[in-house]
Amino acid sequence: MIGEKWVSLIIGALENKTLRFGELKRVCEGISQKMLTQTLRKLERNGLLTRTLYADKLPVKVDYRLTHLGESILPIVQAAKVWAEEHLHQIEKNQVLYDKRNQ
């Protein structure tokens with residue numbers, strides 16, 4: 001699940017904070033509303049985040065926060081991010097070389 005496109009970004013966005021749906025959508029630039037909803041439900045189902053509904057508020061307010069289990073995966077997400085940032089230029093160079101060879 002952690003390898004899915006939006007999961008790591010959502011987990012990283014929720015580090016040490018609670019966010020609403022709209023805030024998560026802004027952080028995950030390019031994600032559709034449907035994909036964000038599906039991913040949040042999957043993370044909730046697996047126990048990585050909690051969804052708190054405040055039905056007494058108008059409009060209805062929903063908050064998302066990592067659980068202890070979700071927080072325990074943060075070091076892995078952070079390590080993957082650091083690796084990607086450190087190797088991005090080499091990966092881009094490799095892509096260019098590959099594309100030139102395979103034209």
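**Starting inside: the core**

Select Leu40 first, which touches Ile10, Phe21, Leu24, Leu49 and Tyr64, residues up to four places away in sequence not being counted; contact here means heavy atoms within 4.5 Å. This is a predicted model, in which local features need pLDDT of at least 70 and side-chain atom pairs count only at pLDDT 80 or more, while totals for chains, interfaces and linings use all residues. Residues are numbered from 1 along each chain as its sequence is written, and side-chain values use heavy atoms, with hydrogens and water left out.

Next, select Ile10, Ile11, Leu14, Leu24, Leu40, Leu43 and Tyr64, which touch the most other members among the 21 residues of the largest nonpolar core. Such a core is a set of buried Ala, Val, Leu, Ile, Met, Phe, Trp, Tyr and Cys residues joined through side-chain atoms within 4.5 Å, where buried means under 20% relative accessible area, exposed over 50% and partly exposed in between (1.4 Å probe, protein chains only). Two or more residues of this core come from each of α1 (7-13), α3 (33-45), β3 (61-66) and α5 (74-101), the largest share, 4 residues, being that of α1; helices (H or I, at least four residues) and strands (E, at least two) are DSSP runs, numbered from the N terminus.

**Moving outward: Asn16**

Now select Asn16, in the loop between α1 and β1 (19-20). Its phi is near 60°, a positive value in a residue other than glycine, and at 64% relative accessibility Asn16 counts as exposed. Most residues other than glycine have a negative phi.
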